[in-house]
Amino acid sequence: MQKTAAWPLAGIYAALIVYASLYPFENWRSQGVDWTAFLLAPWPRYWTGFDVLANVLGYAPLGFIGVLALRRSARHLPAVTITVMAGSLLSLALESLQLFLPARVPSNVDWELNTLGTLMGASLAWTLERFGFLDRWSRFRANWFHSDARGALVLLALWPVALLFPAPVPLGLGQILERTEDALALWLQDTPWLDWLPVREVELQPLLPVYEVLCVSLGQLLPCMLAFSLIRYVHQKAIAWALLVAAGLAFTALSAALTYGPAHAWGWVNPPVQLGLALAALLALPLMWVREKPLQVLALVGLVLQLTMLNNASASAYFALTLQNWEQGQFIRFHGLIQWMGWLWPFVLLVYLMRRLSSSLPSKMSE
């Protein structure tokens, strides 16, 4: 079987679908409802276009990535059939489990729309492969990236999606300390271990403007450095830099539009953010000539610095209200799908960089 970045992407996306479908994981119990009741139920009286779109588009990437993975590694198998069946069975299983969650309502319409979304994504991938687009991608990847770029490509593909979840600082992913403490306090309530909290010695303070500039700059530079470390030539790195900057701006604006409305899509571009983006652009130019291992070291240092600054700062009350907007109502599916990406993407990058750097140590020592 040929190695492909599609398999880990498919696994990650399936796990996020499971999370989104079973959130908030509370009050599991049997409600005495027949398992087949929702399968035979009529079309619901109240539904919205948002619900239809969310169910279809939520599973379309799974179908696309699944066919892509099978066509890259097991071409003799009927990729579309297997992928659609797997997506449909996954949706059916999750809808059935919702019978035990009072906060969720299973629906045969959701199952059918999820299956349709999987079919649409799978058909699109099959069509692209049929007309040779996937072979062109293989040639493009060989011309642009090093042979061991699979893990980094997965991280780069997930980065724009992670930006959809509201961040306390634009492009500043990974601020989890304060929310982790709140979650621990809730779990440890009425136990003697509650006295262990907080897990820090000083009260968190708002982020100073100079640190906000640095966090924005590092937030844009980190995926660029990751891309530079696996791309072959300088002119290709310049193109990748432009694409990553455009993706960072576009997905952050989309997040703001989803949260506050289209009129406020660019409201986050204040003077500190502008200065941070300008600083990132100035630093990106010389980094294009830095070799792979030094780049990874610089990325690791920058990542630790950014996480330290973000997790030693408190989130504003206004940002807390923003999270409530995402975690309730119509954003619940988006919240489930991308919340963990927004929180964990920098920590996965941290593990990736440490593994890459540690794997090069034995070979250098043997020399």
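Where is the place of Thr252? Thr252 lies in helix H9 (residues 234-260). Point 6 returns to this residue.

1. Basis. This is a predicted model, in which local features need pLDDT of at least 70, side-chain atom pairs count only at pLDDT 80 or more, and totals for chains, interfaces and linings use all residues. Residues are numbered from 1 along each chain as its sequence is written, and side-chain values use heavy atoms, with hydrogens and water left out.

2. Overall make-up. The protein has 13 helices and zero strands. Helices are DSSP runs of H or I with at least four residues, strands are runs of E with at least two, and both are numbered from the N terminus. Of the 367 residues, 45% are buried. Buried means under 20% relative accessible area, exposed over 50%, and partly exposed in between, with a 1.4 Å probe and protein chains only. Among contacts with a separation of 6 or more, 82% join residues 24 or more positions apart. A contact means heavy atoms within 4.5 Å.

3. Helix H4. This helix covers residues 108-130, 23 residues in total. Its span from first C-alpha to last is 32 Å, close to the expected 33 Å. The expected span is 1.5 Å times one less than the number of residues. Ser107 caps the N-terminal end of H4, with a side-chain oxygen 3.1 Å from the backbone nitrogen of Val109. After H4 comes Gly132, with a positive phi near 85°. The buried residues of H4 include Asn108, Asp110 and Glu129, along with Val109 and Leu113.

4. H1 against H3. Helix H1 (residues 6-22) packs on helix H3 (residues 79-97) at an angle of about 25°, and their axes are 9 Å apart. Axes are lines fitted to C-alpha atoms, for helices over the stretch in contact, and angles run from 0 to 180 degrees between N-to-C directions. H1 and H3 are therefore roughly parallel to each other. Angles under 35 degrees count as roughly parallel, over 145 as roughly antiparallel, 65 to 115 as roughly perpendicular, and the rest as oblique. From H1, the contact is made by Ile17, Val18, Ser21 and Leu22; from H3, by Leu90, Leu94 and Leu97.

5. Helix H6 spans residues 150-162 and has 13 residues. It reaches 19 Å, close to the 18 Å expected. Its buried residues include Leu153, Leu156, Trp159 and Pro160. The axes of H6 and H9 come within 8 Å and cross at roughly 30°. That makes H6 roughly parallel to H9. Leu156, Trp159, Pro160 and Val161 of H6 meet Leu244, Ala247, Gly248 and Phe251 of H9.

6. Thr252. Leaving aside neighbours within four places in sequence, Thr252 is in contact with Leu163, Pro170, Leu171 and Trp268.

7. His146. This residue sits in the loop between helix H5 (133-144) and H6. His146 is partly exposed, with a relative accessible area of 25%. His146 and Arg232 are 86 residues apart in sequence, yet 6.8 Å apart in space, C-alpha to C-alpha. Beyond neighbours within four places in sequence, the contacts of His146 are Ser229, Leu230, Ile231, Arg232 and Glu292.

Note on methods. A polar contact is a pair of N or O atoms within 3.5 Å; within protein, one must be able to donate a hydrogen and the other to accept it, and residues adjacent in sequence count only if both atoms are side-chain atoms.
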